[in-house]
Structure formats: C-alpha cells, structure tokens
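Hi,

Here is the structure I promised to pass on to you. Please open it alongside this email and take your time with it.

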Amino acid sequence: MDKIFNQEPTDFEIERDLANLKALLAEIGEDDKRVANEPNEAYFQNFLYRVHARIEEPKKLSWFERFWKPSTMLALPSIVIISFFAFKGKNLQNNLMPSVMQNVENYIFPFSNLATQNSNVHRISSSDEPLAHYNASVSLILDRRQLKMLKAIINEDEVGVIEAITDKEN
Amino acid sequence: MIEELEDRQLLQLYVSGEKLKVFNELVRRYQKRIYYVARRMVKRHEDADDIAQEVFVKAYTALDNFRGESNIYTWLYRIAVNLSINHLRKQKIRKFVDMDEYADILGKDAEQDKQIIKEENTALIEKAILTLPEKQRAVFIMRYYDELPYEDISNIVGTSVGGLKANFHHAVIKVAEYVNKAHAERKMTKEKNYFKNNG
C-alpha cells in the first residue's frame with residue numbers, strides 16, 4: 001500500500017482500481033450515483049428564484065458585524081466626550097478646587113487652623129471627622145448625625161437609625 | 001433559443017448586454033451539477049443548498065470580470081469546491097472549539113451510523129467519500145461522478161495533473177477499502193440478527 005501511495009500511479013493502475021471499485025459496488029447492489037434524501041425536482045425548479053431572492057436580500061451580517069457598527073458609532077463619540085470632560089474636569093479640580101475647598105472649609109470649620117492654613121495636608125483620620133477633603137465633592141461633607149445615620153444604615157441597625165433621627169430632631 | 005447556445009456563445013451574449021437572461025440560463029444549466037458537488041462534499045442538504053446558492057450569487061457579482069480564460073463550468077466548480085472546503089474547515093473548527101458538543105454530536109452520529117448501517121439501501125460509497133480528506137474528496141467527486149478531465153480538475157483545485165492522479169488513485173483505494181469493510185460488517189450484523197430472531 002505504501003508503495004502505491006509513494007509513487008505517481010499510471011493511468012492503467014487508476015483505471016484498474018476504479019473498475020474494481022465499480023465491480024464491488026455492483027456486486028453488493030450499491031447505486032453509486034444516488035445520494036440519501038435526494039431533493040425532488042421542485043427544489044431545482046425553484047432554485048433560480050431562490051438565487052435571485054438571495055442576490056436581492058441585504059448581505060447577511062454576523063452578530064459581530066451587526067452590533068459593531070452601531071455600537072461603535074454610539075460608543076466612540078461618548079468615550080471621546082467623557083474622556084475630554086474627565087481630563088478637563090481633573091485639571092479644573094486641580095486648579096480651582098483647592099481654593100473652593102478652602103472657602104468651604106473656612107465656612108465649616110471657622111476656628112480650625114488645620115483647615116484654613118494647609119488644606120493640602122488635611123487628611124481624614126477618623127470616621128468621626130467630617131468627610132471634607134479638597135478632592136472630595138461638597139455633597140460628601142457629613143456631620144456627626146449624618147455619619148451616625150450612615151453607619152446605622154450600613155450596619156442595618158434600626159435602633160441606631162431611629163436614634164440618629166431623634167438626635168437630628170433634638 | 002438560449003438553451004441551445006454553448007457556454008462561449010452565452011458569454012458573448014452576456015457581453016452584448018443580455019446579462020440577466022444569460023445568468024438565468026447558467027443557473028438552470030449548472031444548478032444540479034453544482035448542487036451535487038456541494039452535496040457530496042458536505043453531506044447535508046441544507047448546507048449543500050446554501051453553498052450552491054452562494055456559488056451563483058458569487059458568479060452573479062463576478063461575471064462581469066470573468067475573462068473566459070477557463071470554461072465557465074470549471075469556474076463555477078472552482079467556486080463550489082472552495083466554498084465546500086471552507087465550509088468543512090469551519091465545521092471542523094466549530095467542532096474543535098466546542099468539544100462537549102462535538103462529543104454529543106459524535107455520539108449521536110455513531111448511533112445514527114449504526115442505524116444507517118442496518119438500513120438496506122444506504123449508499124456505502126457516500127459514507128466512504130466522507131472519510132476522505134477535503135481535497136481528495138473534491139477530486140474523487142469531480143472525477144468519479146462528473147467524469148471531468150484531469151486538466152479541468154487541475155484548473156479547479158490548482159494541483160498538477162500528476163498530483164491529481166495520485167490523489168484520485170488514493171481516494172479510489174480508500175473508498176474501495178471502506179466499502180469492502182462496511183459491507184462485511186453489514187453482512188455480519190444481518191447474520192447475527194437472523195440467528196437472534198430464529199433462535
């Protein structure tokens with residue numbers, strides 16, 4: 001067999017083996033030309049129609065192609081805009097926030113030297129301190145009662161929540 | 001009548017502007033041959049149908065650029081063979097990627113194969129062809145069923161005539177071996193069933 005596979009066959013050899021195959025198929029009663037579940041004639045009669053329908057239909061897109069374009073169209077400008085504002089915002093924060101925060105801190109802690117003199121070294125050292133930081137948003141400045149409330153909510157302490165509310169009311 | 005024209009004359013008619021008429025005639029003329037090439041290559045009717053349609057869609061878009069250097073049918077065959085081989089490769093990759101699913105498919109296939117072997121009228125040669133590598137399969141189909149000359153097959157698959165002959169010869173031997181073995185197994189199964197049923 002290896003000998004056969006390693007050399008170019010002559011036409012005689014090919015025809016001989018082909019004839020053997022055909023004889024074998026004839027012997028066992030094989031109809032070598034048919035395929036299983038052959039389509040009927042109507043299939044071929046409608047074939048031309050289906051080809052034309054396919055030519056006219058828009059190109060089938062894969063899921064990636066289908067979603068790539070619209071999502072890119074939406075996502076890319078959004079990313080550019082967000083990046084631009086984020087960059088600009090960071091610069092703004094760096095340039096403007098210290099002075100703004102200084103004023104805020106002056107307002108909140110009028111007697112605190114730490115806050116007024118050097119806000120850059122001011123760090124939140126304990127949870128009792130207000131969450132005021134020159135890099136933080138103003139909305140994060142919480143007083144003791146709010147902190148108490150927040151803690152109670154985080155700890156799911158209903159009594160604590162009520163105490164915080166009553167404390168506030170008092 | 002357009003049906004009586006030879007391919008070369010059809011091409012001249014196409015160039016003269018009767019594009020749709022010529023295209024329709026080409027589809028009618030070669031649809032069966034192209035379908036059966038694809039069908040014998042990929043086995044499933046749905047896949048063969050898809051490939052056969054795609055062949056003519058591609059031909060429709062590329063016919064303007066067809067220079068007539070080869071026969072139109074060898075050109076169509078080439079598209080069909082390439083699409084079928086691509087399909088088989090994609091199928092292989094898909095099976096490789098999803099091994100669990102593949103195992104299921106194999107299991108089912110094996111079951112189906114057993115069932116099929118039991119059936120009296122299954123074409124063993126069809127199953128034998130499916131065991132051949134893609135290119136060898138294409139060569140065998142074109143030579144055995146369509147009796148295309150080696151030179152035409154050489155144009156279609158892009159292999160030398162000598163290489164093709166070797167390919168075809170290997171295929172013939174492999175198919176004969178498969179058929180022989182499968183027939184012997186089928187015979188044995190039949191005998192076993194006979195003895196089982198008759199004590």
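This is a predicted model: local features need pLDDT of at least 70, side-chain atom pairs count only at pLDDT 80 or more; totals for chains, interfaces and linings use all residues.

Residues are numbered from 1 along each chain as its sequence is written, chains are lettered from A and ligands numbered from 1 in written order, and side-chain values use heavy atoms, leaving out hydrogens and water.

**The chain contact**

Chain B gives 46 residues to the contact and chain A gives 36 (contact means heavy atoms within 4.5 Å). About 3900 Å² is buried between chain B and chain A, 62% of it from carbon and sulfur atoms (buried area is the accessible area, with a 1.4 Å probe, that two parts lose on being put together, summed over both). Of the area chain B buries against chain A, 17% comes from Gln53(B), Tyr144(B) and His169(B), more than from any other three residues.

There are 5 salt bridges between chain B and chain A (a Lys or Arg side-chain nitrogen within 4 Å of an Asp or Glu carboxyl oxygen). The side chains of Arg50(A) and Asp49(B) also meet in a salt bridge, at 3.3 Å from N to O.

**The helix pair**

In chain B, look at α2 (residues 19–42) and α7 (residues 134–145): their axes come within 10 Å and cross at roughly 140° (helices are DSSP runs, H or I, of at least four residues; axes are lines fitted to C-alpha atoms over the stretch in contact, with angles from 0 to 180 degrees between N-to-C directions). The residues in contact include Val37(B) of α2(B) and Ile141(B) of α7(B).

Enjoy exploring!

Terms used. Helices (H or I, at least four residues) and strands (E, at least two) are DSSP runs, numbered from the N terminus.
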